[in-house]
Amino acid sequence: MRISTVTKAAVIAVVAVVAISPSAIAYDLKSAGATSVSTLLEKCKTSYQTATGDTLSHAGGGSGAGKTAINAGTKDMAFSDSANTTPAAGVFHVPAAVWPVGIAYNLNGSKELQLSVKTLSQIFAGKITMWNDPAILADNNVERKIPIYDVKNGKTVLNADGSPKVKSYRTLTVRYTLPNKPITVIYRAGGSGTTNNFVAAVTAFDPETWTKKVSDNFVTSNPTDVTKFAATFQAATGSDGVAALANKTKYSIAYDETGYITASKSLRAAAIINAGGITTRPTTEGANAAFASSSLDEKSGLITWNYTTKSPAAYPLTAATYALVKSNYGKTDLAAAVKKQVEYMAFSCPTVVTTEGFSQISKTSELGKAILSLTAKIA
């Protein structure tokens, strides 16, 4: 992980960090935006209130709604899975969560589907339309090389850059007989940071196909006019809506947060072949490895993902959720409450709620230090 500008002041701020304590004045903070973190925030609600004395009401609505709300000043804070490219004065990003974008599929049987990102890009561009396409068959009939992580005292051992240490590999061959059925692609409607991250990844792997500008909108970013193929391209609102539609649509495929995939009866998450030819899964270890190969701009708080890294453990479809906050709230207590919320979400929620697929971030890690340096600017 490369952080562009770590200052002495940032280091002092990290050293000065103390435990989160309840606010003198209880706040019911209002937020909107990314639905990727909706379940995490809801499940973490009680522990957050106990620790801080505050509550958070998150309206969701997608990353686009979050950007609009914080820029207009209608919410105390917001969450977005993509950059706020036209922020209002004083609004900035804090990368408060790192997580894998899962590829959900609805097929018979319990075997794990495997896809290369190039094949994946062709499916979502409408170039591969049948489940028994030769490219999908090829991905699923090669010997898989799966990393085994080094674990000590129940914890994954980390390399110096924060990526999980690979102890060895195991090989596996899964003979997958795929149906002669058309693929139904489920995608996010409207503005979605999850869409932005997914499109950015497939564009990096397949720029000859994905030639349009990466954006939060799947329809406008797609090289194919998907509106002409209503039977095979279907939209759903929110992460929960995508999972629900894919869950009831046989032979469908979708991109979504892993927590929504595992909670759906008919869905499984596909394994993805990364740029190094290694079979990776949408796990926190894979997301951490992808983050370790990427870079973070401490001034803006934005992560530049290295999608094509050959780091063996890196899961290539990794994203971050940014807390969109202000440098001047006008009230000391309100600013303190927002700061506590962001830090509790980043450092504590993933340890309290482990079912949603968010990476556990240490305050002493490079990302943790960057988060604390950024939250110190909330005033």
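## Terms and model

Buried means under 20% relative accessible area, exposed means over 50%, and partly exposed lies in between (1.4 Å probe, protein chains only). By that rule Ala289, at 0% relative accessibility, is buried.

This is a predicted model, in which local features need pLDDT of at least 70, side-chain atom pairs count only at pLDDT 80 or more, and totals for chains, interfaces and linings use all residues. Residues are numbered from 1 along each chain as its sequence is written, and side-chain values use heavy atoms, with hydrogens and water left out.

## Overall build

The chain has 14 helices and 19 strands. These are DSSP runs, numbered from the N terminus: helices are H or I with at least four residues, strands are E with at least two. The C-alpha atoms fill a box of roughly 60 × 45 × 35 Å along the principal axes.

Contact means heavy atoms within 4.5 Å. Among contacts with a separation of 6 or more, 75% join residues 24 or more positions apart.

## Surface and charge

Of the 379 residues, 53% count as buried. The accessible surface comes to about 15,500 Å², and carbon and sulfur atoms hold 54% of it. Accessible areas come from the Shrake-Rupley method with a 1.4 Å probe; for residues, only the protein chains shown count as cover.

There are 37 positive and 25 negative side chains. Lys and Arg count as positive, Asp and Glu as negative; His and the chain ends are not counted. The centres of the two sets lie 3 Å apart, with each charge placed at NZ of Lys, CZ of Arg, CG of Asp or CD of Glu.

## Nonpolar cores

A nonpolar core is a set of buried Ala, Val, Leu, Ile, Met, Phe, Trp, Tyr and Cys residues joined through side-chain atoms within 4.5 Å. The largest has 92 residues. Met77, Ile103, Phe124, Trp131, Ile253 and Val325 have the most contacts inside it. Strand β5 (residues 91–105) gives the largest share of this core, 10 residues. Another core, of 9 residues, lies apart from it and includes Ala236, Leu245, Ala254 and Leu267.

Beyond four places in sequence, Val325 touches Met77, Gly90, Val91, Phe92, Val94, Val338, Val342 and Ile378.

## Two positive phi values

Most residues other than glycine have a negative phi. Asn153 has a positive phi, near 55°. Its loop runs between β8 (151–152) and β9 (155–156). Asn153 is exposed, at 82% relative accessible area.

Tyr251 also has a positive phi, about 65°, without being a glycine. Tyr251 sits in the loop between α9 (238–248) and β13 (252–257). At 18% relative accessibility, Tyr251 is buried.

Thr129 is in the loop between α5 (117–124) and α6 (134–140). It is partly exposed, at 42% relative accessibility. Leaving aside neighbours within four places in sequence, Thr129 contacts Lys181, Pro182 and Ile183.

Ala289 lies in helix α11 (residues 284–292). Not counting residues up to four places away, Ala289 touches Ser163, Pro164, Ser311, Ala313 and Ala314. Gly60 is 229 residues from Ala289 along the chain, and their C-alpha atoms are separated by 28 Å.
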